[in-house]
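This briefing is meant to be read with the sequence and the model side by side. It begins with one residue and then widens to the rest of the chain, topic by topic.

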Amino acid sequence: MNSQPKKNNKALILLLVVFVLPIAVAKLVLSLELYQGGATNKGALLAADINYSSLAMANPKPHSWQILYLLPQTCEQSCQDRLYLLNQSYIALGKNRDRVSPIILVESHSDTSILSTLQIPFEQVTANKAIAALMTQQQVIIVDPLGSLIMQYDDVAGRDANITQGKAMIADLRKMLKLSRVG
């Protein structure tokens with residue numbers, strides 16, 4: 001009688017291992033959150049839905065990148081360091097300076113006299129309650145030309161830490177300006 005020899009399934013098993021095993025391992029690594037993504041930004045990204053219209057505030061400089069800072073009631077040393085950081089970062093942007101508008105947000109009780117004392121020539125805009133509630137920790141926020149608040153830099157203590165953070169902010173801003181075709 002004709003008996004067929006047992007087929008050797010080694011080739012099929014080898015193909016399955018070569019193609020299916022990497023996909024299964026990748027799915028396992030991603031589902032167990034063992035992989036850290038390669039982010040190059042140094043600031044903290046904000047939620048995509050935070051923009052001027054969701055905060056019920058008019059965009060003070062439409063079609064321009066913005067750096068926002070909320071001036072507190074009393075401008076102590078950390079506030080003065082932040083203002084110094086903003087000024088130096090704006091100067092360090094060089095040829096991209098005309099694409100960026102630093103804006104100092106003020107409230108009715110903000111210490112605006114410090115701006116003339118430190119000779120900070122930035123535009124002052126009155127902040128509404130929603131954006132003031134968002135910026136309670138003296139952070140600096142970068143806004144894109146479409147009015148979306150995209151990245152924030154939290155308050156750090158000390159002039160050296162502020163300088164390091166300023167360098168990080170400049171690096172992020174230059175990267176965004178290079179990739180942006182708007183503003």
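Tyr-153 counts as buried, because its relative accessibility is 3%, and a residue is called buried when that value is under 20%. The model is a predicted one, and within it Tyr-153 belongs to strand E6, which covers residues 149-153.

**Surroundings of Tyr-153**

- Leaving aside residues up to four places away in sequence, Tyr-153 touches Lys-42, Gly-43, Arg-82, Gln-139, Val-140, Ile-142, Gln-165, Ala-168, Met-169 and Asp-172.
- Although Tyr-153 and Leu-45 are 108 residues apart in sequence, their C-alpha atoms are 9.1 Å apart in space.

**Overall form**

- The protein has 5 helices and 6 strands, and, read from the N terminus on, these elements follow the order α-β-β-α-β-α-β-α-β-β-α.
- The radius of gyration of the protein is 25 Å, whereas a compact globule of 183 residues would have a value near 16 Å.
- Taken along the principal axes, the box filled by the C-alpha atoms is roughly 105 × 35 × 30 Å.
- Of the 183 residues, 38% count as buried, and the accessible surface of the protein comes to about 11600 Å², with 58% of that area belonging to carbon and sulfur atoms.
- When contacts between residues at least 6 apart in sequence are considered, 71% of them join residues at least 24 apart.

**Aromatic pair and charges over rings**

- The structure holds 1 aromatic pair, formed by the rings of Tyr-90 and Phe-122, whose centres are 5.6 Å apart and whose planes stand at 85 degrees, so the pair is edge-to-face.
- Because Tyr-90 lies in helix H2 (residues 77-92) and Phe-122 in the loop between helix H3 (113-117) and strand E4 (123-126), the pair ties together parts that are 32 residues apart in sequence.
- Phe-122, the loop member of this pair, is buried, with a relative accessible area of 9%.

**Disulfide**

- The count comes to 1 disulfide, which is formed by Cys-75 and Cys-79, with their sulfur atoms 2.0 Å apart.
- The link of Cys-75 and Cys-79 is left-handed, with -90 degrees about the S-S bond, and both Cys-75 and Cys-79 are buried.

**Loops and backbone angles**

- Most residues other than glycine have a negative phi, which is the background for the next two residues.
- Glu-33 has a positive phi, near 55 degrees, although the residue is not glycine; Glu-33 lies in the loop between H1 and strand E1 (44-45), and at 67% relative accessibility Glu-33 counts as exposed.
- Ala-56, likewise a residue other than glycine, has a positive phi near 55 degrees; Ala-56 is found in the loop between E1 and strand E2 (65-70), and Ala-56 is exposed, with a relative accessible area of 67%.
- Pro-62 is found in the loop between E1 and E2, where Pro-62 counts as partly exposed at 47% relative accessibility.
- Pro-62 and Gly-147 are 85 residues apart in sequence, and yet their C-alpha atoms are 6.9 Å apart in space.

- Lys-27 is found in helix H1, which covers residues 10-31, and Lys-27 counts as exposed at 57% relative accessibility.
- The C-alpha atoms of Lys-27 and Gln-77 are separated by 49 Å, with the two residues 50 residues apart along the chain.

Notes:
Residues are numbered from 1 along each chain as its sequence is written. This is a predicted model: local features need pLDDT of at least 70, side-chain atom pairs count only at pLDDT 80 or more; totals for chains, interfaces and linings use all residues. Side-chain values use heavy atoms; hydrogens and water are left out. Rings of Phe, Tyr and Trp (its six-membered ring) pair if their centres lie within 6.5 Å; planes under 30 degrees apart count as stacked, over 60 as edge-to-face and the rest as tilted. Helices (H or I, at least four residues) and strands (E, at least two) are DSSP runs, numbered from the N terminus. Buried means under 20% relative accessible area, exposed over 50%, partly exposed in between (1.4 Å probe, protein chains only). A disulfide is a pair of cysteine sulfur atoms within 2.5 Å. The radius of gyration is taken over C-alpha atoms; the globule rule is 2.2 Å times the number of residues to the power 0.38. Contact means heavy atoms within 4.5 Å. Accessible areas come from the Shrake-Rupley method with a 1.4 Å probe; for residues, only the protein chains shown count as cover.
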